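This report examines selected features of one protein chain. Please consult the sequence and the structure while reading.

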Amino acid sequence: MADAVIPPAVLRNLSDKLYEKRKNAALEVEGIVKSLAAAGDHEKISSVINLLTNEFTYSPQANHRKGGLIGLAAATVGLTTEASQHLEQIVRPVLFSFADQDSRVRYYACEALYNIAKVVRGDFIIFFNEIFDALCKLSADSDANVQSAAHLLDRLVKDIVTESDQFSIEEFIPLLRDRMNVLNPYVRQFLVGWITVLDSVPDIDMLGFLPDFLDGLFNMLSDSSHEIRQQADSALSEFLQEIKNSPSVDYGRMAEILVQRAASPDEFTRLTAITWINEFVKLGGDQLVPYYADILGAILPCISDKEDKIRVVARETNEELRSYKADPAEGFDVGAILSIARRQLSSEWEATRIEALHWISTLLNRHRVEVLSSLSDIFETLLKALSDPTDEVVLLVLEVHACIAKDLQHFRQLLVFLVHNFRIDHSLLEKRGALIIRRLCVLLDAERVYRELSTILEGEADLDFASIMVQVLNFILLTSSELADLRDLLKQSLVNSAGKDLFVSLYSSWCHSPMAIISLCLLAQTYQHASTVIQSLVEEDINVKFLVQLDKLIRLLETPIFAYLRLQLLEPGRYTWLLKALNGLLMLLPQQSAAFKILRTRLKTVPSYSFSGDQVKRTSSGNPHPQIIHHIPCGSQIFEDGDINQDVGASNSHNGINFTLRLHEFEQMQRQHRMHAKMQAQSRNSSTPSSKVC
């Protein structure tokens, strides 16, 4: 039937290799269809379209396909207002031709669809998704002419969509989302162009669907093409402005995307993501509470970013986030936030570790119960953080520990774990021991800390470690300004019950180190007991380690901390046991050592008279210096320096301190150390292979 309608000559020209002949044939087709439309003969019109489709558009001959496409466009022009009822027949073969292997056919397909769209306008929308998909592919066509034709068609389709009230954004978004991860730069430009156009249409709510293609836009920020990066950034900036002005935004879904993009290796992407997060934290309110942990996980690394702009925005966002006082009942997950902070404590960047600790501290202050319930998850990490190379981090860790240790249970747990860490990591004790203990003394009360540490060390199985640990604690006690009150309390051990209790509390663990015990006695002014301890030392006790510790003590005796002791030497008659103890130490030192010379020089300055003004009396008891004269009333007996005429029955006890029992305790502990040293020596000897004599 169609053959009868269209003359054979027209059909021949429609498939001619010359464009002019095909064009003239198409005009003939247009006139024929226009006549049929005027007559209302849609059956013949349908036959003509089928002929153009089957015999031409789907033909294996390229010229036939070109002619078919021109013919379909001409038929549409001929139908004018009645084209809509034949649109399905016309558009399908044109869309099919977009994938033709011949670039000229693809070009004519673009031209044909352009002419069809001009005629049907809004009726064209029903094919939008398929046309969009085809244009998306053609935008990256290998042939420049096809690309150019596709761009012309694209602009027309955009015009049609913006003026149409039939466009369905809901049906279009899945297609857009699927295409957003394409890497081809032409496709990316095409997509951004469509997003921008659709967003400009008042009746189309692109903001509501932003989560569906937001990640794709962020992906384009790292494109190698400056133009694409600029277009994507412009689109994102426009959307962010709309978010600020919109009363209803789905912050949650977008927050998840931003968190991922904040870790991008591309600097510009990170900056844009962290800027968006900053705005979200300010605008999102309760909506963002369930996402706080994820957001914090994105912010903390950015605080240490190499780019200054990113660091500034990240810090601002972090402060904003921390200032928001959310409640667990509102979905604020304390455990999740705590987990993020714990993970960031292992960051290689100091600033991030510091902020992670600030977060733990903040959570402890606001949600103490919840944090303590999750303590087992973070405690070990917090202890490891004490080995941090940065002092500021260590001090913050200690503040967190101190906050946790406000409870008695956690206080002991902290110190037990701390001693354990010192035991397994001697370098931590060596490098940070003093810093850690001094700071804990400030934060948790020095007496309480020292009493607990002494209790722990008293039963320490590793005797070598116990000795080292006690020496460290003793040195801190003797030198640190933070422990001045503790030293003052110990000085009153013989006259004050609190001082006595502290002295007794420390004594048992201090027995691990002879020099520590002697130092403690000098500090507590129990000089007679100090002299007795010195006299009890045996050959094995006086080793290199002992002499090194003794050297430190002699030098400390010359510091302001022991000024009171040096002033007591002005009253040699009253402080006989002090002189005897110091002379005992002098006798233990090698004569050629610097410490020997220092102490001997000091003892030579001891006056040979008393400042009481009474008659002085010579004595040689315990004093190698015959010039030292003691003012002692006749018949009196001295048991601890400065206290005269004590009852004989009190010779072994003063202010409730049983010194005989204490000495026994010290000697027993030293026997254990000597046995331990012998066993170690035997073990080393047995592990050394003996040499055979031939």
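## The annotated domain

An unreviewed UniProt entry places the feature "domain: Vacuolar protein 14 C-terminal Fig4-binding" at residues 427–606. The model discussed here is predicted. In this model, residues 427–606 are 74% helix and 0% strand, and the end C-alpha atoms of the span are 42 Å apart.

## Helix H24 and its bend

Helix H24 comprises residues 426–444. A straight helix of 19 residues would span 27 Å at 1.5 Å a residue, whereas H24 spans only 24 Å between its end C-alpha atoms. Where does H24 bend? The bend, of about 70°, is at Arg432. After the helix comes Asp445, which has a positive phi, near 85°.

## The buried residues of H24

Arg432, the site of the bend, is also one of the buried residues of H24.

## Leu357 in helix H19

Leu357 belongs to helix H19, which covers residues 350–366. Is Leu357 buried or exposed? Leu357 counts as buried because its relative accessible area is 1%, and the cut-off for buried is under 20%.

Leaving aside residues up to four places away in sequence, Leu357 touches Leu345, Leu382, Val393, Leu396, Val397 and Val400. Asp388 is 31 residues from Leu357 along the chain, and the C-alpha atoms of the two are separated by 12 Å.

Terms used: Residues numbered from 1 in each chain as written. Predicted model: local features only at pLDDT ≥ 70, side-chain atom pairs only at ≥ 80, totals over all residues. Heavy atoms only, no water. Helix = DSSP H or I, 4+ residues; strand = E, 2+ residues; numbered from the N terminus. Expected span 1.5 Å × (residues − 1). Bend = angle between axes of the 7 residues up to and from the residue. Buried < 20%, exposed > 50% of the residue type's maximum accessible area, 1.4 Å probe, protein only. Contact = heavy atoms within 4.5 Å. UniProt positions renumbered as here; feature names shortened; annotations may be inferred.
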